2 protein chains.
Amino acid sequence: MTFDQLETPVPLVDLDVMARNLDAMQAYADQHQLQLRPHTKTHKSLHVGREQMTRGAAGLTCATPHEATVMQHVTDDLLVAYPVVGHAKLDRLFTVRDEVALRVQLDNAEAIDQLYAAAVRHDRAVAVTVEFDAGMHRVGVPSLDDAIALAHMVRANPPLEFSGIAFYPGHIREPVTSQDAALERLRHKVAQAVQAFTEAGMPPAVVSGGSTPTMWRSHELTGITEIRPGTYVYNDRTTAEIGACKWEDCAFTVLATVVSTSVRGQAVIDAGTKALGREPIRGANGEGWGALLDRPEVVVARMSEEHGILDLTTSDWRPQVGEQVRVVPNHVCIVTHLNDVIFGVRGGEVVTSWTVDARGRGYGALIGV
Amino acid sequence: MTFDQLETPVPLVDLDVMARNLDAMQAYADQHQLQLRPHTKTHKSLHVGREQMTRGAAGLTCATPHEATVMQHVTDDLLVAYPVVGHAKLDRLFTVRDEVALRVQLDNAEAIDQLYAAAVRHDRAVAVTVEFDAGMHRVGVPSLDDAIALAHMVRANPPLEFSGIAFYPGHIREPVTSQDAALERLRHKVAQAVQAFTEAGMPPAVVSGGSTPTMWRSHELTGITEIRPGTYVYNDRTTAEIGACKWEDCAFTVLATVVSTSVRGQAVIDAGTKALGREPIRGANGEGWGALLDRPEVVVARMSEEHGILDLTTSDWRPQVGEQVRVVPNHVCIVTHLNDVIFGVRGGEVVTSWTVDARGRGYGALIGV
């Protein structure tokens, strides 16, 4: 099947590039004796999760219980890296089959209380990693004393089990080549945390961390045992712009069709916010909402829901209505979340496809109307 | 069923507010003898499309052939307000059942060529409205002479049928109370277009236009016959901020749960970009990515994929972990597109739900892997 037989906009993944990305991250983790626990939020697909496990991942990371209920089909070791709060959400988490080791990452006493009550209700052990704030100020306990108090609380409440500490350095957005100072501060923070927990009599078996901009430098963080990268499997324009991958490592594109060239200096494609998301490039220069794979100087300068406006003022290229283009999105995790099916390509051929199994929230309709 | 039994984040629609919004728009159209052809991109649901048709809509508007294949089940009169380009997309359009009158809105000769070839291939008449650029510079023919040439081309190519002209004044983003000058320019442009087509011997039977910010002033555009509003059914924070609806007309909220209050001055909810989209308020002041229904001064100041950071510095309110909140999103059409099911509520009760039937792209998986 060729690209012109596909209805656009449609997500394509270059199979060879994806395989190379998967291999490279597993090799990096192996080289530095880090456990690789890929974050499945990027792909939400059993097919890709299976590829990660086959290559040697220790388990998978999820953002929600819904994602965990899907990923239980390819691994026996799941981390929900998010405080699971609320009766309905906790009950869903415990529908994961008994053979799966469950771990939850959290940062507050109320979340521990709720998780404990659910674990008792379902008569099941759950491991807990306590998240400390490494500087992003999103979630994570700011004070190590408070983090240690939470760990004590976990240990006092079986069937909860304290298994270690976690962090997410999402505030480090500098390009890879300018991260030295930020990474040194992070290194210090992680070392402090490990030392504090050790002195409190709870040396953390798991020290879980890492982020996309810092993914290839995780081993510089002394004490870290586990990394949870997500984006690396597909990569995107942001990852390339900050230097955490090369442009040719971008496996994921949105195939789109030029639908209008009526207005001078631009071409309109059928990929807008509902196909690309509206995610700015952060941590690096980069205008627009995506760029063409074959012409990175041409960017999606403006968007409506189903319109993307290609700015042609930076290029001599003048496309015809009907021509297809491939857009590298700024942030691929959002684009996955917009789609139900991904098409796998090799060269100009569409050779396979897979479903985005954990897209959406997994709610059935309540009452027909 | 009560809200605390729902797994968050989850979209809720207040049934009474939606009914009031539907009634008000139909009454406005009737009062001014305008055909109402609601844009279904906002809701993508057969349930809501049926509610619109029952109240007197002339037909429905879609952005894509996929949406048309869904909406064919509630009306016999469909407009795809978008240049339908590409073999696969055109073939999908023609799967719509024969009893449905199809109209396509376009702005270029290549789109006419392709539509003509498909209409011949499928032996089916298709009405065409030619879109002119009313100032937005997105799609739409900039020159009326060129627009007239396209109309001639349509007329010369049965089974295509020229049925009139269309525009989308998406550049008018001013609050309703500051639109006078922009609306006067638009009035002039529309009158010019009608006159030019009439003088060319093709008085347009259909003059189709309107946008959300201008929706209640469409009747001021002399010659307009049809309006295609979308957002009015649910409304959103942008619509309220620009004064095109009141805050209490916002029928759609995302129910979310506070999952962390670890960092001072903020509370983290489980609704981030994957639940709210990342759509700025345009055409009006308004920070953040959404605001709380009951506390509009509290906004979602920052987001990650599954995290929304509520800025508490503007409020004395200090929520507990586990507390639920209702977020009015900035742009509801994007939020619909993220969800498969909408829950209908009345007061604090969940009383029904409906599916987002036209969400996604409707592609089946190609080959299992």
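**Entry 1: a proline in chain B**

I started in the loop between α6 and β7 (160–166) of chain B, where B:Pro159 is found. Helices here are DSSP runs of H or I with at least four residues, strands are runs of E with at least two, and both are numbered from the N terminus. A cis peptide bond joins B:Pro158 to B:Pro159, with omega about 15 degrees.

A note to myself on the ground rules. I am looking at a predicted model, in which local features need pLDDT of at least 70, side-chain atom pairs count only at pLDDT 80 or more, and totals for chains, interfaces and linings use all residues. Residues are numbered from 1 along each chain as its sequence is written, while chains are lettered from A and ligands numbered from 1 in the order in which they are written.

Next I went to chain A. A:Thr8 and A:Pro9 are joined by a cis peptide bond, and omega is about -5 degrees. A:Pro9 sits in the segment before β1 (10–14) of chain A.

I also stopped at A:Asp123, a residue other than glycine with a positive phi, near 50 degrees. The loop between α5 and β6 (126–131) of chain A holds A:Asp123.

**Entry 2: chain A as a whole**

I looked up the secondary structure of chain A and found ten helices and 17 strands. Chain A has a radius of gyration of 22 Å, close to the 21 Å from the globule rule for 369 residues, so it is as compact as a globular protein of that length. (The radius is taken over C-alpha atoms, and the rule is 2.2 Å times the number of residues to the power 0.38.) Along the principal axes, the C-alpha atoms of chain A fill a box of roughly 70 × 55 × 35 Å.

**Entry 3: two domains in chain A**

I then checked how chain A is divided: domain 1 covers 3–10 + 238–355, and domain 2 covers 15–233. These bounds come from an automatic or database domain assignment. Taken over C-alpha atoms, the centres of domain 1 and domain 2 of chain A are 31 Å apart.

How many residues of domain 1 of chain A are in contact with domain 2 of chain A? I get 18 residues of domain 1, which are in contact with 22 residues of domain 2. (Contact means that the C-beta atoms, placed from the backbone, lie within 7 Å.) On the domain 1 side, α10 (332–338), β16 (341–346) and β17 (349–355) of chain A each supply at least two residues. β16(A) gives the most to that side, with four residues. By class, the domain 1 side has nine nonpolar, six polar and three charged residues. (Ala, Val, Leu, Ile, Met, Phe, Trp, Tyr, Cys and Pro count as nonpolar, Asp, Glu, Lys and Arg as charged, and the others, Gly among them, as polar.)

**Entry 4: where the chains meet**

The contact between the chains takes 68 residues from chain A and 68 residues from chain B. Elements giving two or more residues to the chain A side include α4 (87–93), α5 (109–122), β10 (252–260) and α9 (273–276) of chain A. α10, β16 and β17 of chain A are also among them. Which element gives the most to the side of chain A that touches chain B? I found β17(A), with five residues. The chain A side divides into 27 nonpolar, 25 polar and 16 charged residues.

**Entry 5: α6 and α7**

Last, I looked at a helix pair in each chain. In chain A, α6 (residues 144–155) and α7 (residues 180–199) pack at an angle of about 50 degrees, with their axes 10 Å apart. (Axes are lines fitted to C-alpha atoms, for helices over the stretch in contact, and angles run from 0 to 180 degrees between N-to-C directions.) That makes α6(A) oblique to α7(A). (Under 35 degrees counts as roughly parallel, over 145 as roughly antiparallel, 65 to 115 as roughly perpendicular and the rest as oblique.) A:Leu144, A:Ile148 and A:Ala151 of α6(A) make the contact with A:Gln192, A:Ala193, A:Ala196 and A:Phe197 of α7(A).

In chain B, the axes of α6 (residues 144–155) and α7 (residues 180–199) come within 10 Å and cross at roughly 45 degrees.

Methods: Two residues are in contact if their C-beta atoms, placed from the backbone, lie within 7 Å.
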